[in-house]
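Hi everyone, thanks for coming.

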Amino acid sequence: MKKSLYTLLVCAFAALAALAQTEQKVNLSGTWQIEYHDKNGKEVDTPMVRFLQTGGRLEGVFGDKHWKLEGTVVGDQLQFFFHPPAHSEITVKYQGKLESSGQIRGAMASEVQSGTFVAVRK
């Protein structure tokens with residue numbers, strides 16, 4: 001019984017260590033080009049976003065107006081949001097998955113529109 005418990009604990013610690021190393025390998029810091037399509041396929045936008053990642057935390061700026069953004073990274077999943085200064089009551093949220101070291105795919109939603117995006121590292 002003690003041997004089984006010991007083996008189980010060793011495996012659990014090994015799995016946690018492997019997970020921690022995997023999460024540390026994801027680094028989104030840098031400049032990304034977003035291609036956004038609204039849900040109707042009518043609006044296309046191509047803003048730039050700059051991330052600074054510290055652990056699981058994202059900070060940065062969105063678009064040519066440099067709107068401040070905040071977010072998180074957990075494994076290969078990320079989310080970030082910002083409030084356009086002229087409309088601080090609106091929250092624009094992006095959620096996505098890192099598909100490779102140079103590409104993110106996901107969805108955007110706000111109180112006024114929604115759609116999908118692909119971001120490519122520059």
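**A strand and its neighbours**

Let's begin with Gln53, which sits in strand S3, residues 48-54; strands here are DSSP runs of E with at least two residues, numbered from the N terminus. Before going on: this is a predicted model, where local features need pLDDT of at least 70, side-chain atom pairs count only at pLDDT 80 or more, and totals for chains, interfaces and linings use all residues. Residues are numbered from 1 along each chain as its sequence is written, and side-chain values use heavy atoms, with hydrogens and water left out.

So, is Gln53 buried or exposed? Gln53 counts as buried because its relative accessibility is 12%, and buried means under 20% relative accessible area with a 1.4 Å probe, protein chains only. Gln53 belongs to the covered face of S3 along with Val49 and Phe51, while Met48, Arg50, Leu52 and Thr54 make up the uncovered face. A polar atom of the Gln53 side chain lies 2.6 Å from the backbone nitrogen of Leu28.

Now the strand partners. S3 runs antiparallel to strand S1, residues 30-38, with four bridges joining them; Gln33 has Met48 as its bridge partner in S3. On to strand S4, residues 57-62: six bridges join S4 to S3, again antiparallel, and Phe51 is bridged to Gly60 in S4. S3 and S4 form a hairpin with two residues between them, and Gly55 in the turn has a positive phi of about 60 degrees.

That's my tour, folks. Happy to chat!

Notes: Buried means under 20% relative accessible area, exposed over 50%, partly exposed in between (1.4 Å probe, protein chains only). A polar contact is a pair of N or O atoms within 3.5 Å; within protein, one must be able to donate a hydrogen and the other to accept it, and residues adjacent in sequence count only if both atoms are side-chain atoms. Two strands pair if DSSP finds at least two bridges between them.
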